[in-house]
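Please look over the structure below before reading on.

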Amino acid sequence: GAWQLTLPDSITVSGGVVTLGDLATGPVPAGARDLVVRAGLKPNTVVDVSRQDVLRRLVTAGYASGVRMSGAANSRIVVSGREIALAELETEVRSCIRKLVPSARQGAPASWFEFELPDLSLAAAGRWEVQPDRTEPLAPGRNHVRILFRAGKDEETVTITVTFHQYGEVAVAKNDLNKNETLTAGDFTWEWRDLAEESASLVVGRESIQGCSAARDVKVGRELRMADLK
């Protein structure tokens, strides 16, 4: 039968989906009440819905027969929420990255990390959280970490670069070492180095030379590399 659909000038919603029952200012037939008018709305945004938009959805769903439309020609939908300050977001991202920092080697200087967020514009209505999408620890140097931003049912993923500064002991030969000579920790001076700034080819840690001999001659003062071991 005939029914009246009155559209408002504006409404305020807290979720990302607006149904015809949410939008209409008066009663709506039960079958049409749950018809989705707009979906995927983001917090702290404003969108407009015209009578034509609504009518088109009614026709598609088979509810247009007998409808008489009145009220606003365009209805404004205001999604509640607020934009998250970059400093606030950086604090939460730093907290979640800290969970990926491995324990420092015994006696080593303290590890640290740095990162830079891309230009973001994120908003949320109510509580929100961030978390990394990985559990494996950071490696020394540059790491690409995907950060999941979640606010209610809304999710967004951002990839950031994290530079992790971890210190390890690098071996420097005290004397000339001959090829095939068995290596001991006493043959080297062990220097704490920031591994983010050193070549990945260097031998790191005294345990790395256990059971090894020199694969070639190593001159005094030279840093020991993985290729020098056998």
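In this predicted model, the second largest pocket is lined by Lys 42, Pro 43, Asn 44, Thr 45, Glu 83, Ser 121, Leu 122, Ala 123, Phe 149, Asp 154, Glu 155 and Glu 156.

**Second largest pocket**
- Its volume is about 150 Å³.
- Strand S13 supplies three residues, the largest share of the lining.

**Largest pocket**
- The space in the largest pocket is about 200 Å³.
- Its lining consists of Ser 14, Gly 15, Gly 16, Val 17, Leu 41, Pro 43, Val 79, Ala 125, Ala 151, Gly 152, Lys 153 and Asp 154.
- Of these residues, six are nonpolar, four polar and two charged.
- Pro 43 and Asp 154 line the largest pocket and also line the second largest pocket.

**Sheet**
- Four strands form an open sheet in the order S9-S13-S12-S11, with antiparallel pairing.
- Strands S9 (112–115) and S11 (129–132) are the edges, each pairing on one side only.
- On average, neighbouring strands are turned by 35° against each other, direction ignored.
- Helix H4 (residues 86–98) packs on this sheet and touches S9, S11, S12 and S13. The direction of H4 makes about 140° with that of S9.
- Strands S12 (residues 141–151) and S13 (residues 154–165) run antiparallel and are joined by 11 bridges.
- Asp 154 in S13 is the bridge partner of Ala 151, and both residues line the largest pocket.

Notes:
Residues are numbered from 1 along each chain as its sequence is written. This is a predicted model: local features need pLDDT of at least 70, side-chain atom pairs count only at pLDDT 80 or more; totals for chains, interfaces and linings use all residues. Side-chain values use heavy atoms; hydrogens and water are left out. Two strands pair if DSSP finds at least two bridges between them. Helices (H or I, at least four residues) and strands (E, at least two) are DSSP runs, numbered from the N terminus. Axes are lines fitted to C-alpha atoms, for helices over the stretch in contact, and angles run from 0 to 180 degrees between N-to-C directions. Contact means heavy atoms within 4.5 Å. On a 1 Å grid over the protein atoms alone, a cavity is a set of points where a 1.4 Å probe fits but cannot get out, and a pocket is an open set with protein on both sides within 12 Å along at least five of seven lines; lining residues have an atom within 4 Å of a point. Grid points are joined across faces, edges and corners, and a volume is the space filled by probe spheres set on the points. Ala, Val, Leu, Ile, Met, Phe, Trp, Tyr, Cys and Pro count as nonpolar, Asp, Glu, Lys and Arg as charged, and the others, Gly among them, as polar.
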